[in-house]
Amino acid sequence: MNNVSSDAGLAELKLRVQADLAKISYATGNWCIPASHNDDSVLDVAIIGAGQGGLATAFGLRRRGISNVRIFEKADRGGEGPWVTFARMLTLRTPKHVTGPDLGIPSLTPQSWYEARYGAEAWKNLDKISRQDWQSYLDWIRNTLDLPVTNDRKLVDIDWQDGLLCLSFKQSDGSVVQQWARKVVLATGIEGGGAWHVPDFISQAVNSSRYAHTCQTIDFEKLRGKRIGVLGAGASAFDNAATALEHGAASVDLCLRRAKIPTVNPYRWMENAGFLSYFADLPDLTRWRFMRKIYDLNQPPPQDTFWRCRKHANFAFHPGTPWLSVKEQGDEVVVETPHGEMVFDFLIIGTGFVIDLTKRPEMRKIAERVQLWRDKFAAPAGEENTLLGSHPYLGKHFQFLPRNADDDLAPMMAAIHNFTFAAMPSMGLSGASISGMRFGVERLTKAIGRDLFVQDGDKQLQSLLDYNTDELISLEPPC
(Lines give C-alpha, C1' and ligand atoms only; values in the text may rest on other atoms or scores of the structure.)
Protein backbone atom coordinates (compact mmCIF):
# COMPACT_ATOMS: atom_id res chain seq x y z
CA MET A 1 0.00 0.00 0.00
CA ASN A 2 1.43 3.40 -0.96
CA ASN A 3 1.59 6.35 1.41
CA VAL A 4 -1.32 8.17 -0.24
CA SER A 5 -3.74 5.29 0.15
CA SER A 6 -2.40 4.62 3.66
CA ASP A 7 -2.99 8.24 4.70
CA ALA A 8 -6.48 8.15 3.21
CA GLY A 9 -7.27 4.92 5.01
CA LEU A 10 -6.13 6.30 8.35
CA ALA A 11 -8.03 9.55 7.81
CA GLU A 12 -11.18 7.56 7.10
CA LEU A 13 -10.58 5.41 10.16
CA LYS A 14 -10.21 8.49 12.35
CA LEU A 15 -13.65 9.64 11.22
CA ARG A 16 -15.03 6.22 12.06
CA VAL A 17 -13.49 6.40 15.54
CA GLN A 18 -15.08 9.79 16.14
CA ALA A 19 -18.46 8.50 14.97
CA ASP A 20 -18.21 5.38 17.14
CA LEU A 21 -17.30 7.38 20.24
CA ALA A 22 -20.13 9.83 19.57
CA LYS A 23 -22.61 6.95 19.52
CA ILE A 24 -21.53 5.80 22.98
CA SER A 25 -20.86 9.20 24.53
CA TYR A 26 -23.71 8.98 27.05
CA ALA A 27 -22.62 10.04 30.56
CA THR A 28 -19.02 10.75 29.50
CA GLY A 29 -19.23 14.48 30.18
CA ASN A 30 -16.98 15.77 32.96
CA TRP A 31 -18.74 15.54 36.33
CA CYS A 32 -15.82 16.21 38.69
CA ILE A 33 -15.97 19.29 40.94
CA PRO A 34 -13.13 21.69 40.00
CA ALA A 35 -10.46 22.15 42.68
CA SER A 36 -7.65 24.65 43.20
CA HIS A 37 -4.81 25.18 45.65
CA ASN A 38 -3.67 28.74 46.35
CA ASP A 39 -4.91 29.77 42.89
CA ASP A 40 -2.99 26.91 41.25
CA SER A 41 -4.89 24.42 39.14
CA VAL A 42 -5.40 20.92 40.51
CA LEU A 43 -5.68 17.91 38.23
CA ASP A 44 -8.16 15.23 39.15
CA VAL A 45 -5.64 12.65 37.93
CA ALA A 46 -1.99 12.97 36.91
CA ILE A 47 -0.70 9.99 34.95
CA ILE A 48 3.04 9.35 34.97
CA GLY A 49 4.19 7.73 31.73
CA ALA A 50 2.91 8.15 28.17
CA GLY A 51 3.48 4.58 27.08
CA GLN A 52 0.63 2.21 26.30
CA GLY A 53 -0.57 1.97 29.92
CA GLY A 54 -0.66 5.72 30.46
CA LEU A 55 -2.46 6.41 27.18
CA ALA A 56 -5.05 3.70 27.83
CA THR A 57 -5.65 4.99 31.36
CA ALA A 58 -6.27 8.53 30.15
CA PHE A 59 -8.73 7.23 27.57
CA GLY A 60 -10.44 5.05 30.16
CA LEU A 61 -10.85 7.97 32.56
CA ARG A 62 -12.33 10.10 29.80
CA ARG A 63 -14.83 7.36 29.02
CA ARG A 64 -15.93 7.62 32.66
CA GLY A 65 -16.38 11.38 32.52
CA ILE A 66 -13.06 12.29 34.16
CA SER A 67 -11.32 14.67 31.78
CA ASN A 68 -9.30 16.93 34.07
CA VAL A 69 -6.35 14.63 33.47
CA ARG A 70 -2.83 15.03 32.12
CA ILE A 71 -0.11 12.54 31.21
CA PHE A 72 3.49 13.43 32.06
CA GLU A 73 6.35 11.74 30.21
CA LYS A 74 10.08 12.03 30.87
CA ALA A 75 11.11 11.26 27.27
CA ASP A 76 10.89 13.59 24.32
CA ARG A 77 8.09 13.12 21.81
CA GLY A 78 8.60 9.84 19.95
CA GLY A 79 10.74 8.23 22.65
CA GLU A 80 7.98 6.99 24.95
CA GLY A 81 8.16 3.36 26.02
CA PRO A 82 10.63 0.69 24.87
CA TRP A 83 9.45 -0.03 21.34
CA VAL A 84 11.80 2.18 19.34
CA THR A 85 14.36 2.80 22.07
CA PHE A 86 15.82 -0.30 23.73
CA ALA A 87 13.45 -3.06 22.57
CA ARG A 88 15.32 -5.22 20.08
CA MET A 89 12.78 -7.85 19.13
CA LEU A 90 11.57 -7.90 15.53
CA THR A 91 7.90 -8.24 16.49
CA LEU A 92 5.75 -8.12 19.60
CA ARG A 93 5.59 -11.35 21.56
CA THR A 94 1.86 -10.84 21.99
CA PRO A 95 -0.40 -12.54 19.41
CA LYS A 96 -1.85 -10.06 16.93
CA HIS A 97 -5.44 -10.68 18.03
CA VAL A 98 -4.81 -9.39 21.59
CA THR A 99 -6.23 -5.90 22.11
CA GLY A 100 -5.43 -3.27 24.71
CA PRO A 101 -5.43 0.54 24.33
CA ASP A 102 -8.65 0.38 22.28
CA LEU A 103 -10.59 -0.52 25.45
CA GLY A 104 -13.02 -2.57 23.38
CA ILE A 105 -13.80 0.02 20.69
CA PRO A 106 -13.54 -1.93 17.38
CA SER A 107 -12.40 1.03 15.27
CA LEU A 108 -9.51 1.67 17.71
CA THR A 109 -8.14 -1.89 17.64
CA PRO A 110 -4.72 -2.76 16.22
CA GLN A 111 -6.46 -4.71 13.47
CA SER A 112 -8.47 -1.68 12.33
CA TRP A 113 -5.35 0.49 12.31
CA TYR A 114 -3.26 -2.11 10.50
CA GLU A 115 -5.90 -2.73 7.85
CA ALA A 116 -6.33 1.02 7.28
CA ARG A 117 -2.58 1.40 6.81
CA TYR A 118 -1.65 -1.77 4.93
CA GLY A 119 -4.90 -3.40 3.80
CA ALA A 120 -7.06 -6.31 4.99
CA GLU A 121 -4.98 -8.88 3.12
CA ALA A 122 -1.82 -7.71 4.89
CA TRP A 123 -3.50 -8.24 8.26
CA LYS A 124 -4.67 -11.68 7.22
CA ASN A 125 -1.12 -12.67 6.29
CA LEU A 126 0.48 -11.04 9.34
CA ASP A 127 1.98 -13.26 12.02
CA LYS A 128 2.82 -10.69 14.71
CA ILE A 129 2.99 -6.90 14.71
CA SER A 130 6.44 -5.34 14.42
CA ARG A 131 7.56 -3.19 17.34
CA GLN A 132 7.88 -0.18 15.01
CA ASP A 133 4.28 -0.61 13.85
CA TRP A 134 3.14 -0.97 17.46
CA GLN A 135 4.76 2.37 18.31
CA SER A 136 3.11 3.92 15.24
CA TYR A 137 -0.21 2.50 16.39
CA LEU A 138 0.24 4.01 19.88
CA ASP A 139 1.16 7.36 18.31
CA TRP A 140 -2.01 7.16 16.22
CA ILE A 141 -4.09 6.38 19.34
CA ARG A 142 -2.60 9.41 21.09
CA ASN A 143 -3.24 11.72 18.14
CA THR A 144 -6.67 10.37 17.18
CA LEU A 145 -7.99 10.65 20.73
CA ASP A 146 -6.13 13.92 21.33
CA LEU A 147 -4.82 12.64 24.64
CA PRO A 148 -3.20 15.32 26.85
CA VAL A 149 0.52 14.52 27.10
CA THR A 150 3.30 16.78 28.31
CA ASN A 151 6.76 15.49 27.39
CA ASP A 152 10.08 16.35 29.02
CA ARG A 153 8.68 15.93 32.52
CA LYS A 154 10.59 13.54 34.78
CA LEU A 155 8.85 12.96 38.10
CA VAL A 156 11.39 13.49 40.87
CA ASP A 157 9.23 13.93 43.97
CA ILE A 158 5.74 13.35 45.33
CA ASP A 159 4.73 15.36 48.37
CA TRP A 160 1.49 15.53 50.38
CA GLN A 161 0.10 18.90 51.38
CA ASP A 162 -3.39 19.96 52.38
CA GLY A 163 -4.89 16.66 51.25
CA LEU A 164 -3.38 16.95 47.78
CA LEU A 165 -0.42 15.48 45.95
CA CYS A 166 2.28 17.95 44.94
CA LEU A 167 4.30 16.59 42.04
CA SER A 168 7.72 17.92 41.14
CA PHE A 169 8.98 17.40 37.59
CA LYS A 170 12.49 17.99 36.30
CA GLN A 171 12.88 19.24 32.74
CA SER A 172 15.83 18.67 30.42
CA ASP A 173 17.08 22.22 31.04
CA GLY A 174 17.40 21.40 34.74
CA SER A 175 14.41 23.47 35.89
CA VAL A 176 11.75 22.00 38.16
CA VAL A 177 8.02 22.59 37.76
CA GLN A 178 5.22 21.54 40.07
CA GLN A 179 1.70 20.28 39.58
CA TRP A 180 -1.06 19.62 42.10
CA ALA A 181 -3.26 16.55 41.71
CA ARG A 182 -5.88 14.66 43.65
CA LYS A 183 -4.78 11.31 42.25
CA VAL A 184 -1.66 9.90 40.62
CA VAL A 185 -1.38 6.84 38.40
CA LEU A 186 2.11 5.42 38.04
CA ALA A 187 2.17 3.94 34.54
CA THR A 188 5.94 3.69 34.37
CA GLY A 189 6.21 0.22 32.89
CA ILE A 190 8.36 -2.79 33.63
CA GLU A 191 10.92 -1.02 35.83
CA GLY A 192 8.39 1.29 37.51
CA GLY A 193 8.45 -0.68 40.77
CA GLY A 194 12.22 -0.60 41.16
CA ALA A 195 15.13 -0.49 38.74
CA TRP A 196 16.88 -2.41 36.01
CA HIS A 197 19.37 -4.76 37.61
CA VAL A 198 23.02 -5.53 37.00
CA PRO A 199 24.46 -7.94 39.62
CA ASP A 200 27.03 -6.34 41.91
CA PHE A 201 29.65 -8.95 41.06
CA ILE A 202 29.61 -7.55 37.52
CA SER A 203 29.13 -3.81 38.11
CA GLN A 204 31.80 -3.72 40.84
CA ALA A 205 34.39 -5.76 38.95
CA VAL A 206 34.14 -4.60 35.35
CA ASN A 207 34.44 -1.15 33.82
CA SER A 208 31.09 0.07 32.54
CA SER A 209 32.54 0.37 29.03
CA ARG A 210 32.81 -3.42 28.88
CA TYR A 211 29.17 -4.30 29.59
CA ALA A 212 25.64 -3.07 29.06
CA HIS A 213 22.24 -4.01 30.39
CA THR A 214 19.67 -4.91 27.75
CA CYS A 215 17.72 -1.74 28.65
CA GLN A 216 20.64 0.49 27.66
CA THR A 217 21.61 2.02 24.36
CA ILE A 218 24.17 -0.29 22.74
CA ASP A 219 26.27 0.55 19.68
CA PHE A 220 26.18 -2.89 18.10
CA GLU A 221 28.40 -1.79 15.22
CA LYS A 222 31.23 -1.46 17.74
CA LEU A 223 30.67 -5.12 18.65
CA ARG A 224 31.46 -6.30 15.12
CA GLY A 225 34.16 -8.97 15.28
CA LYS A 226 33.93 -9.16 19.10
CA ARG A 227 33.30 -12.13 21.39
CA ILE A 228 30.08 -11.43 23.26
CA GLY A 229 28.87 -13.04 26.46
CA VAL A 230 25.15 -12.74 27.26
CA LEU A 231 23.72 -13.50 30.71
CA GLY A 232 20.02 -14.29 30.95
CA ALA A 233 17.28 -16.68 29.82
CA GLY A 234 14.55 -14.22 28.92
CA ALA A 235 13.43 -12.95 25.56
CA SER A 236 15.42 -9.71 25.85
CA ALA A 237 18.65 -11.67 26.33
CA PHE A 238 17.96 -13.57 23.10
CA ASP A 239 16.87 -10.38 21.31
CA ASN A 240 20.18 -8.72 22.14
CA ALA A 241 22.16 -11.83 21.27
CA ALA A 242 20.48 -11.91 17.86
CA THR A 243 21.11 -8.22 17.28
CA ALA A 244 24.80 -8.67 18.06
CA LEU A 245 25.01 -11.62 15.67
CA GLU A 246 23.26 -9.65 12.92
CA HIS A 247 25.82 -6.86 13.35
CA GLY A 248 28.72 -9.22 12.78
CA ALA A 249 29.83 -10.31 16.24
CA ALA A 250 32.56 -12.95 16.04
CA SER A 251 30.68 -15.14 18.52
CA VAL A 252 27.85 -14.94 21.00
CA ASP A 253 27.57 -17.26 24.00
CA LEU A 254 24.35 -17.01 26.01
CA CYS A 255 24.49 -18.40 29.53
CA LEU A 256 21.57 -19.16 31.81
CA ARG A 257 21.28 -20.42 35.36
CA ARG A 258 18.39 -22.78 34.65
CA ALA A 259 19.10 -26.34 33.61
CA LYS A 260 17.05 -25.79 30.47
CA ILE A 261 15.50 -22.92 28.57
CA PRO A 262 11.89 -22.24 29.62
CA THR A 263 9.41 -23.47 27.00
CA VAL A 264 5.95 -22.87 28.49
CA ASN A 265 4.55 -19.32 28.36
CA PRO A 266 2.07 -18.77 31.22
CA TYR A 267 0.86 -15.55 29.61
CA ARG A 268 -1.01 -17.55 26.99
CA TRP A 269 -2.94 -19.30 29.79
CA MET A 270 -3.63 -16.00 31.56
CA GLU A 271 -5.30 -14.51 28.48
CA ASN A 272 -8.83 -15.40 29.56
CA ALA A 273 -11.50 -13.07 30.89
CA GLY A 274 -11.82 -14.94 34.18
CA PHE A 275 -8.22 -14.49 35.24
CA LEU A 276 -7.88 -11.02 33.74
CA SER A 277 -11.04 -9.74 35.42
CA TYR A 278 -11.13 -11.42 38.80
CA PHE A 279 -7.65 -12.50 39.87
CA ALA A 280 -7.37 -9.54 42.26
CA ASP A 281 -10.42 -10.78 44.18
CA LEU A 282 -8.86 -14.13 45.11
CA PRO A 283 -7.62 -14.86 48.65
CA ASP A 284 -3.96 -14.07 49.35
CA LEU A 285 -2.86 -17.70 49.47
CA THR A 286 -4.43 -18.46 46.10
CA ARG A 287 -2.90 -15.36 44.50
CA TRP A 288 0.47 -16.29 45.97
CA ARG A 289 0.28 -19.79 44.53
CA PHE A 290 -0.75 -18.48 41.13
CA MET A 291 2.21 -16.11 41.07
CA ARG A 292 4.72 -18.67 42.33
CA LYS A 293 3.81 -20.86 39.38
CA ILE A 294 3.83 -17.98 36.88
CA TYR A 295 7.16 -16.60 38.08
CA ASP A 296 8.68 -20.07 38.21
CA LEU A 297 7.71 -20.79 34.62
CA ASN A 298 8.91 -17.40 33.43
CA GLN A 299 8.45 -16.39 29.80
CA PRO A 300 10.48 -18.30 27.24
CA PRO A 301 11.96 -16.60 24.20
CA PRO A 302 9.44 -16.79 21.35
CA GLN A 303 10.15 -19.52 18.83
CA ASP A 304 11.06 -17.05 16.08
CA THR A 305 13.41 -15.20 18.43
CA PHE A 306 15.19 -18.43 19.34
CA TRP A 307 15.62 -19.37 15.69
CA ARG A 308 16.80 -15.84 14.96
CA CYS A 309 19.80 -16.68 17.15
CA ARG A 310 20.12 -20.37 16.39
CA LYS A 311 20.51 -19.91 12.65
CA HIS A 312 23.92 -18.37 13.27
CA ALA A 313 26.71 -20.94 13.47
CA ASN A 314 28.64 -18.68 15.85
CA PHE A 315 25.86 -18.71 18.46
CA ALA A 316 25.85 -21.05 21.43
CA PHE A 317 23.63 -21.26 24.50
CA HIS A 318 24.71 -22.83 27.79
CA PRO A 319 21.99 -24.01 30.22
CA GLY A 320 23.04 -24.64 33.81
CA THR A 321 25.84 -22.12 33.46
CA PRO A 322 25.50 -19.29 35.99
CA TRP A 323 28.26 -16.72 36.14
CA LEU A 324 30.05 -17.04 39.46
CA SER A 325 32.45 -14.12 39.06
CA VAL A 326 33.93 -11.85 36.43
CA LYS A 327 37.24 -10.02 36.13
CA GLU A 328 39.07 -7.88 33.65
CA GLN A 329 42.27 -9.31 32.29
CA GLY A 330 43.98 -6.96 29.87
CA ASP A 331 41.54 -6.24 27.05
CA GLU A 332 39.39 -9.25 27.92
CA VAL A 333 36.67 -10.08 30.44
CA VAL A 334 37.02 -13.46 32.08
CA VAL A 335 33.86 -15.11 33.39
CA GLU A 336 34.06 -17.95 35.90
CA THR A 337 31.33 -20.61 35.59
CA PRO A 338 30.85 -24.04 37.20
CA HIS A 339 32.28 -25.50 33.98
CA GLY A 340 35.38 -23.35 33.76
CA GLU A 341 36.35 -19.96 32.43
CA MET A 342 34.86 -18.17 29.43
CA VAL A 343 36.59 -15.22 27.81
CA PHE A 344 34.76 -12.32 26.15
CA ASP A 345 35.35 -8.85 24.78
CA PHE A 346 31.97 -7.47 25.89
CA LEU A 347 29.11 -8.53 28.16
CA ILE A 348 25.36 -8.02 27.67
CA ILE A 349 23.37 -8.37 30.86
CA GLY A 350 19.80 -9.64 30.56
CA THR A 351 19.04 -10.00 34.26
CA GLY A 352 15.87 -7.95 34.20
CA PHE A 353 14.94 -5.71 37.11
CA VAL A 354 14.46 -5.68 40.85
CA ILE A 355 11.26 -4.73 42.66
CA ASP A 356 12.39 -2.20 45.26
CA LEU A 357 10.47 1.03 45.79
CA THR A 358 13.44 2.59 47.57
CA LYS A 359 15.18 2.75 44.19
CA ARG A 360 12.48 5.11 42.87
CA PRO A 361 13.50 8.72 43.76
CA GLU A 362 9.94 9.96 43.39
CA MET A 363 8.81 7.49 46.07
CA ARG A 364 11.35 8.42 48.72
CA LYS A 365 8.82 9.90 51.15
CA ILE A 366 6.79 6.69 51.40
CA ALA A 367 8.93 3.86 49.95
CA GLU A 368 9.90 2.39 53.31
CA ARG A 369 6.39 2.85 54.71
CA VAL A 370 4.49 1.04 51.96
CA GLN A 371 3.15 -2.41 52.79
CA LEU A 372 4.86 -5.24 50.89
CA TRP A 373 3.66 -8.78 50.41
CA ARG A 374 6.22 -9.99 52.95
CA ASP A 375 4.69 -7.62 55.53
CA LYS A 376 1.16 -8.85 54.94
CA PHE A 377 1.44 -12.52 54.05
CA ALA A 378 3.34 -15.45 55.55
CA ALA A 379 3.79 -18.17 52.96
CA PRO A 380 3.35 -21.81 54.03
CA ALA A 381 6.53 -23.76 54.63
CA GLY A 382 8.14 -24.69 51.34
CA GLU A 383 6.22 -22.01 49.41
CA GLU A 384 8.38 -19.02 50.29
CA ASN A 385 9.49 -16.67 47.52
CA THR A 386 11.73 -13.69 48.21
CA LEU A 387 10.94 -12.02 44.89
CA LEU A 388 7.18 -12.13 45.40
CA GLY A 389 7.60 -10.87 48.95
CA SER A 390 9.36 -7.73 47.68
CA HIS A 391 6.33 -6.56 45.66
CA PRO A 392 3.96 -3.95 47.11
CA TYR A 393 0.77 -5.41 48.53
CA LEU A 394 -1.83 -3.22 46.86
CA GLY A 395 -5.42 -2.45 47.74
CA LYS A 396 -8.26 -3.39 45.41
CA HIS A 397 -7.96 -0.03 43.64
CA PHE A 398 -4.26 -0.50 42.76
CA GLN A 399 -3.46 1.89 45.62
CA PHE A 400 -0.51 1.63 47.97
CA LEU A 401 -1.30 0.62 51.54
CA PRO A 402 0.60 1.67 54.68
CA ARG A 403 2.72 -0.84 56.56
CA ASN A 404 1.31 0.65 59.75
CA ALA A 405 -2.42 1.39 59.80
CA ASP A 406 -1.94 4.61 61.80
CA ASP A 407 0.64 6.06 59.38
CA ASP A 408 -0.12 9.76 58.87
CA LEU A 409 0.75 9.39 55.18
CA ALA A 410 -1.85 6.66 54.64
CA PRO A 411 -4.11 9.11 52.75
CA MET A 412 -1.19 9.98 50.47
CA MET A 413 -0.60 6.31 49.69
CA ALA A 414 -4.29 5.82 48.93
CA ALA A 415 -4.07 8.59 46.32
CA ILE A 416 -1.23 6.88 44.41
CA HIS A 417 -2.23 4.03 42.12
CA ASN A 418 0.46 1.60 40.98
CA PHE A 419 -0.20 0.56 37.38
CA THR A 420 3.28 -0.90 36.80
CA PHE A 421 4.57 -4.44 36.53
CA ALA A 422 5.02 -4.41 40.31
CA ALA A 423 1.23 -4.64 40.66
CA MET A 424 1.16 -8.14 39.23
CA PRO A 425 1.07 -10.30 42.42
CA SER A 426 -1.77 -8.15 43.78
CA MET A 427 -3.73 -7.37 40.61
CA GLY A 428 -2.62 -9.83 37.93
CA LEU A 429 -1.84 -8.64 34.41
CA SER A 430 -2.58 -4.94 34.15
CA GLY A 431 -0.82 -1.80 32.96
CA ALA A 432 2.56 -3.15 31.91
CA SER A 433 1.04 -5.90 29.79
CA ILE A 434 -0.88 -5.60 26.54
CA SER A 435 -2.69 -8.83 27.43
CA GLY A 436 -4.17 -7.44 30.64
CA MET A 437 -4.48 -3.78 29.80
CA ARG A 438 -8.16 -3.50 28.92
CA PHE A 439 -9.24 -5.37 32.05
CA GLY A 440 -6.78 -3.52 34.28
CA VAL A 441 -7.79 -0.10 32.97
CA GLU A 442 -11.45 -0.94 33.56
CA ARG A 443 -10.82 -1.82 37.21
CA LEU A 444 -8.45 1.10 37.77
CA THR A 445 -10.59 3.82 36.23
CA LYS A 446 -13.76 2.60 37.91
CA ALA A 447 -11.96 2.71 41.27
CA ILE A 448 -10.55 6.20 40.70
CA GLY A 449 -13.95 7.50 39.64
CA ARG A 450 -15.54 5.98 42.73
CA ASP A 451 -12.96 7.60 45.02
CA LEU A 452 -13.36 11.03 43.44
CA PHE A 453 -17.15 10.93 43.57
CA VAL A 454 -17.35 9.67 47.15
CA GLN A 455 -14.79 12.22 48.36
CA ASP A 456 -16.93 14.95 46.82
CA GLY A 457 -20.24 13.43 47.89
CA ASP A 458 -21.42 16.52 49.76
CA LYS A 459 -20.37 18.80 46.90
CA GLN A 460 -22.15 16.56 44.41
CA LEU A 461 -25.26 16.72 46.58
CA GLN A 462 -25.04 20.50 46.67
CA SER A 463 -24.75 20.48 42.88
CA LEU A 464 -28.07 18.65 42.73
CA LEU A 465 -29.64 21.04 45.26
CA ASP A 466 -28.50 23.96 43.10
CA TYR A 467 -29.74 22.38 39.88
CA ASN A 468 -32.50 24.53 38.44
CA THR A 469 -32.79 23.81 34.73
CA ASP A 470 -36.39 23.59 33.61
CA GLU A 471 -37.38 20.68 31.40
CA LEU A 472 -41.07 21.53 31.38
CA ILE A 473 -41.13 24.98 29.83
CA SER A 474 -44.70 25.34 28.59
CA LEU A 475 -48.08 24.65 30.17
CA GLU A 476 -50.02 25.50 27.03
CA PRO A 477 -50.66 23.05 24.20
CA PRO A 478 -48.70 23.75 21.01
CA CYS A 479 -50.53 25.67 18.34
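Predicted model: local features only at pLDDT ≥ 70, side-chain atom pairs only at ≥ 80, totals over all residues.

Reader: Let's take helix α2 to begin with. How many residues does α2 have, and how far does it reach?

Author: Helix α2 spans residues 52–63, which makes 12 residues, and the distance from its first C-alpha to its last is 17 Å, close to the 16 Å expected at 1.5 Å a residue.

Reader: And is α2 largely enclosed or largely open?

Author: It is largely enclosed by the rest of the structure, because 10 of the 12 residues of α2 are buried. Among those buried residues are Gly 53, Gly 54, Ala 56, Thr 57 and Phe 59.

Reader: Pick one of those, say Thr 57. What does Thr 57 touch?

Author: Not counting residues up to four places away in sequence, Thr 57 touches Ile 47, Val 185, Phe 419, Val 441, Leu 444 and Thr 445. Thr 57 counts as buried because its relative accessibility is 0%. As for distance, its C-alpha atom is separated by 44 Å from that of Ser 474, which is 417 residues apart from Thr 57 along the chain.

Reader: What about Ala 56, how far is its C-alpha from that of Ile 141?

Author: Those two C-alpha atoms are separated by 8.9 Å, although the residues are 85 residues apart along the chain. Ile 141 belongs to helix α5, residues 131–144, and with a relative accessibility of 1% it counts as buried. Leaving aside neighbours within four places in sequence, Ile 141 is in contact with Leu 108 and Leu 147.

Reader: Now helix α10, please. Which of its residues are buried?

Author: In α10 the buried residues are Asp 284, Arg 287, Trp 288, Met 291, Ile 294 and Tyr 295. They lie on the same side of α10, because they cover an arc of only 135 degrees around the axis.

Reader: What do the buried residues of α10 pack against?

Author: They pack against α8 (266–270), α9 (273–278), α12 (373–376), α13 (386–389) and α15 (424–427). The helix itself, residues 284–297, has 14 residues and reaches 20 Å from its first C-alpha to its last, close to the 20 Å expected at 1.5 Å a residue.

Reader: What follows α10, and what follows α2?

Author: α10 is followed by Asn 298, whose phi is positive, near 60 degrees. α2 is followed by Gly 65, whose phi is also positive, near 80 degrees.

Reader: Are Arg 364 and Asp 157 buried or exposed?

Author: Arg 364 is exposed, with a relative accessible area of 52%, whereas Asp 157 is buried, with a relative accessible area of 9%.

Reader: Which residue meets Arg 369 in a salt bridge?

Author: The side chain of Arg 369 meets that of Asp 407, at 2.6 Å from N to O. This pair also links distant parts of the chain, 38 residues apart: Arg 369 is in the loop between β17 and α12, and Asp 407 is in the loop between α13 and α14 (410–414). Salt bridges that share partners also join Arg 77, Glu 80, Asp 139 and Arg 142 into one network.

Reader: Last topic: which residues form the nonpolar patch on the surface?

Author: Leu 461, Leu 464, Leu 465 and Tyr 467 form that patch, with about 470 Å² of accessible area together. Leu 465 lies in helix α17, residues 457–466, and at 56% relative accessibility Leu 465 counts as exposed.

How values were computed. Residues numbered from 1 in each chain as written. Heavy atoms only, no water. Patch = residues over 30% accessible without salt bridge, like charges linked within 9 Å, V, L, I, M, F, W, Y side chains within 5 Å. Areas by Shrake-Rupley, 256 points an atom, 1.4 Å probe, with all protein chains shown as cover. Salt bridge = Lys/Arg side-chain N within 4 Å of Asp/Glu carboxyl O. Helix = DSSP H or I, 4+ residues; strand = E, 2+ residues; numbered from the N terminus. Buried < 20%, exposed > 50% of the residue type's maximum accessible area, 1.4 Å probe, protein only. Expected span 1.5 Å × (residues − 1). Arc of directions from axis to C-beta. Contact = heavy atoms within 4.5 Å.
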